[in-house]
Amino acid sequence: MKLDSELKKMKLDENYAIQLGLSLSKLDPNSIKISFEKAIAYAVENNLLKCAYPWLLYYMGWYYFDSANFANSTHHFEKASDIFKATGNTEGQIAVFSAMVSGYSSQQNHSRAIEMATLGIELSDSIGGTERTIQIKNNLAVLYMEISKYDEAKRILDQIESSPSCFN
C-alpha cells in the first residue's frame with residue numbers, strides 16, 4: 001500500500017478514512033503504528049478533523065487494544081467519541097460505544113463498560129441500527145457472563161434471539 005496516495009484519497013473524501021483505517025489495521029505489526037501516526041498527522045495538518053481524524057483515532061484505538069494497551073485504547077476511543085458527538089456523527093458514536101465496551105471491560109471497569117453498552121444500544125436503536133445494536137448486545141452479554149451475572153446475560157441473549165435479523 002502506498003500510504004501517500006491513500007492519504008490523498010482521504011483528503012478528497014474524509015469518509016475514506018474508514019476504508020483507510022481498515023487497510024492500515026491489516027498491515028504487518030511493525031508498520032501499523034507508524035502508518036496510523038502518519039495518517040493522523042496528515043488529517044490534522046489538512047484540517048480533516050470532523051470525520052477523518054476521529055475515525056483514525058478509532059482505528060488507532062483498536063491497534064492499542066490488540067496490543068493489550070487498554071488505557072491508551074480507551075483514551076483514543078474517548079477522543080474519537082467526543083469529536084463524533086460534537087459533529088453529530090451518529091454512526092461514529094455507535095462504533096465507539098461498541099469499542100469502549102471491550103476497552104473498559106478489558107480494564108476491569110465493568111460499570112463503565114455497561115454504561116457504554118447502554119448508551120450505544122440506545123443510540124443505535126434510535127436510528128434503527130439493528131446490526132450494530134445486536135453487536136453491542138452480544139458484547140454486553142459476554143461481559144455479563146464474565147462477571148457472573150448470568151440472568152442479565154440470558155436476558156440480553158433472549159433480546160438478541162428475538163431481534164428481526166439474520167444474525168440470530
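This is a predicted model: local features need pLDDT of at least 70, side-chain atom pairs count only at pLDDT 80 or more; totals for chains, interfaces and linings use all residues.
**Notebook: helices, core and loops**

**Helix α8.** I checked the length of α8, residues 130–146, next. Its 17 residues should span 24 Å at 1.5 Å a residue, and the end C-alpha atoms are 24 Å apart, so the two values agree. I then listed the buried residues of α8: Thr-133, Ile-134, Ile-136, Lys-137, Leu-140, Ala-141, Leu-143 and Tyr-144. I looked for what covers them and found, among others, α6 (90–106), α7 (110–126) and α9 (150–161).

**Core.** I looked up the largest nonpolar core, which has 51 residues. Those with the most contacts inside it are Met-10, Leu-20, Trp-55, Leu-56, Tyr-58 and Leu-140. Helix α4, residues 52–66, gives this core its largest share, 10 residues. Leu-140 was already on my list of buried residues in α8. Leaving out residues up to four places away in sequence, Leu-56 touches Met-10, Ala-17, Leu-20, Phe-36, Ala-39, Ile-40 and Ala-43.

**Helices α1 and α3.** I turned to the packing of α1 (residues 3–12) with α3 (residues 29–45). The angle is about 35 degrees and the axes are 11 Å apart. I recorded the crossing of α1 and α3 as right-handed. From α1, the residues that meet α3 are Leu-3, Asp-4, Leu-7, Lys-8, Met-10 and Lys-11. On the α3 side I found Ser-35, Lys-38, Ala-39, Tyr-42 and Ala-43. Sorted by class, this contact of α1 with α3 has six nonpolar, one polar and four charged residues.

**Ser-81.** Ser-81 sits in helix α5, residues 70–87. Residues up to four places away in sequence aside, Ser-81 touches Val-96, Phe-97 and Met-100.

**Loops.** Asn-47, in the loop between α3 and α4, has a positive phi near 55 degrees. Asn-47 is exposed because its relative accessible area is 57%, and exposed means over 50%. Ala-68 lies in the loop between α4 and α5. Though not a glycine, Ala-68 has a positive phi of about 65 degrees.

Key: Residues are numbered from 1 along each chain as its sequence is written. Side-chain values use heavy atoms; hydrogens and water are left out. Helices (H or I, at least four residues) and strands (E, at least two) are DSSP runs, numbered from the N terminus. Contact means heavy atoms within 4.5 Å. Axes are lines fitted to C-alpha atoms, for helices over the stretch in contact, and angles run from 0 to 180 degrees between N-to-C directions. A crossing is left-handed if the near helix is turned anticlockwise from the far one by less than a right angle, and right-handed if clockwise. Ala, Val, Leu, Ile, Met, Phe, Trp, Tyr, Cys and Pro count as nonpolar, Asp, Glu, Lys and Arg as charged, and the others, Gly among them, as polar. The expected span of a helix is 1.5 Å times one less than its number of residues. Buried means under 20% relative accessible area, exposed over 50%, partly exposed in between (1.4 Å probe, protein chains only). A nonpolar core is a set of buried Ala, Val, Leu, Ile, Met, Phe, Trp, Tyr and Cys residues joined through side-chain atoms within 4.5 Å.
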